[in-house]
Amino acid sequence: MRLAELSRRSGVSTATIKYYLREGLLPSGRQINATTAEYDEEHLRRLRLVRAMIQVGRLPVSTVREVLGHVDDDSLGRSLRLGAALWALPQVPEPDEDDEYVRAAHQEIAALLDRLGWRNAKLLASLSPAYRSLVVGVAAFRRLGYDWGAERLAPYAELMHRTAVLDLDNLETQPSEAERVEFAVLGAILNEPLLQALHRLAQEEETARRYGFE
């Protein structure tokens, strides 16, 4: 397809597509002559991913470029490729390791991972932004006097593991390795807010069942 058709099918203006091309967010098309290039379905798919990251995820162009670099890095195995792409997304700040609540959170999360048998998560703890986010969250609860530790978190973690299984089952239906990584990135941007909304709807439903509408 030509640039005009790529714009029409994607809903992205030709000026924006040219900007993405200049910034290296979209690969160049196949050059037909000095002034015309041809694009295909892979360009359309990548353009939709870039649009989601920038317009929905509100990611800066530099972050999008970094994420896409990992998406396209076929020198990495699947786990590292997925991890590198997702870890390049914005994350919570590093916790203060001198904080007593942070230290307590580390102990509780280590106990949680042992209880669940999540050996790989424990192995990657020092690298994982998700682990750091969990530490920050648990520390915040404990700082406010709430005893959120391994015992309370375990049922939630088991539910999240079932969700992760569904995520990867869906991911594995994608036809190529790059599309699987793209799907994971889209999931982090679009599916996580959707899951949060489902969680809140479920809370509303359960609240009404237990207490009615009075």
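This is a predicted model: local features need pLDDT of at least 70, side-chain atom pairs count only at pLDDT 80 or more; totals for chains, interfaces and linings use all residues.
Local features are given where pLDDT is at least 70, and side-chain atom pairs count only at pLDDT 80 or more, while totals for chains, interfaces and linings use all residues. Residues are numbered from 1 along each chain as its sequence is written, and side-chain values use heavy atoms, without hydrogens and water.

**Helix pairs**

Two packed helices are described by the angle between their axes and the distance between the axes. Helices here are DSSP runs (H or I, at least four residues), and strands are likewise DSSP runs (E, at least two), numbered from the N terminus. Axes are lines fitted to C-alpha atoms, for helices over the stretch in contact, and angles run from 0 to 180 degrees between N-to-C directions.

| Helix pair | Axes come within | Crossing angle |
|---|---|---|
| α1 (residues 3-10) and α3 (residues 41-56) | 10 Å | roughly 50° |
| α6 (residues 100-116) and α8 (residues 129-143) | 8 Å | roughly 120° |
| α3 and α10 (residues 177-211) | 10 Å | roughly 25° |

Angles under 35 degrees count as roughly parallel, over 145 as roughly antiparallel, 65 to 115 as roughly perpendicular and the rest as oblique. A crossing is left-handed if the near helix is turned anticlockwise from the far one by less than a right angle, and right-handed if clockwise. Contact means heavy atoms within 4.5 Å. In sorting residues, Ala, Val, Leu, Ile, Met, Phe, Trp, Tyr, Cys and Pro count as nonpolar, Asp, Glu, Lys and Arg as charged, and the others, Gly among them, as polar.

With axes crossing at roughly 50°, α1 and α3 are therefore oblique to each other. The crossing of α1 past α3 is right-handed. Leu6, Arg9 and Ser10 of α1 make the contact with Glu41, His43, Leu44, Leu47, Arg48 and Arg51 of α3. These residues comprise three nonpolar, two polar and four charged.

Helix α3 also meets α10, and their axes cross at roughly 25°. That makes α3 roughly parallel to α10, and the crossing is left-handed. From α3, the residues are Arg45, Arg46, Leu49, Ala52, Met53 and Val56, facing Glu179, Glu182, Val185, Leu186, Ile189 and Leu190 of α10. Eight of the residues in this contact are nonpolar, none polar and four charged.

For α6 and α8, the axes cross at roughly 120°, which makes α6 oblique to α8. Their crossing is right-handed. Residues in this contact include Tyr101, Ile109 and Leu113 of α6 and Tyr131, Val138 and Arg143 of α8. The contact has twelve nonpolar residues, one polar and three charged.

**Annotated span**

The UniProt annotation "domain: HTH merR-type", from an unreviewed entry, covers residues 1-70; such annotations may be inferred rather than shown by experiment. The span is 61% helix and 6% strand, and its end C-alpha atoms lie 27 Å apart.

**Salt bridges**

Side chains of opposite charge can pair when their charged atoms come close. A salt bridge is counted when a side-chain nitrogen of Lys or Arg lies within 4 Å of a carboxyl oxygen of Asp or Glu. The count comes to 15 salt bridges. One of them joins Arg8 and Glu5, with the closest N and O atoms 3.8 Å apart. Because Arg8 and Glu5 are three residues apart in helix α1, about one helical turn separates them.
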